[in-house]
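Colleague: Could you walk me through a few features of this model? I would like to learn how to read them.

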Amino acid sequence: ALGRLEDGQFVETELPYHGRPLLVDIERNDILEASIGAKVSIGRGGLLFATVILPLNDDGLRADVVPLVGIEKSF
């Protein structure tokens with residue numbers, strides 16, 4: 001840390017602000033989603049799943065519906 005003299009006292013400062021407060025206003029972006037799905041066992045060690053992700057608010061750039069489908073197999 002660097003320093004400077006203020007009223008005869010040494011004051012440490014951090015780069016690049018030199019003791020001045022930094023005010024930043026960041027707008028929040030709350031993304032809320034619901035996930036609805038099901039899993040079904042197929043055969044021995046197999047699993048079939050389907051899920052739909054639905055947005056619950058309008059924040060962010062997102063699709064209206066996100067479908068997910070998959071198969072898992074254990075060996």
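Predicted model: local features only at pLDDT ≥ 70, side-chain atom pairs only at ≥ 80, totals over all residues.

Colleague: Is Arg 62 buried, partly exposed or exposed?

Modeller: Residues are numbered from 1 along each chain as its sequence is written, and side-chain values use heavy atoms, with hydrogens and water left out. Buried means under 20% relative accessible area, exposed over 50%, and partly exposed in between (1.4 Å probe, protein chains only). Arg 62 has 23% relative accessibility, so Arg 62 is partly exposed.

Colleague: With which residue does Arg 62 form a salt bridge?

Modeller: Side chains of opposite charge can pair when their charged atoms come close. A salt bridge needs a side-chain nitrogen of Lys or Arg within 4 Å of a carboxyl oxygen of Asp or Glu. The partner of Arg 62 is Glu 33, with the closest N and O atoms 3.6 Å apart. Arg 62 sits in the loop between strand 4 (46–55) and strand 5 (66–73), and Glu 33 in strand 3 (residues 33–42), so the pair ties together parts 29 residues apart in sequence. Strands (E, at least two residues) are DSSP runs, numbered from the N terminus. Glu 33 is partly exposed too, at 46%.

Colleague: Where is Gly 43?

Modeller: Gly 43 lies in the loop between strand 3 and strand 4, and at 68% relative accessibility it counts as exposed. Gly 43 and Lys 73 are 30 residues apart in sequence, yet their C-alpha atoms are 9.5 Å apart in space.

Technical notes:
Helix = DSSP H or I, 4+ residues; strand = E, 2+ residues; numbered from the N terminus.
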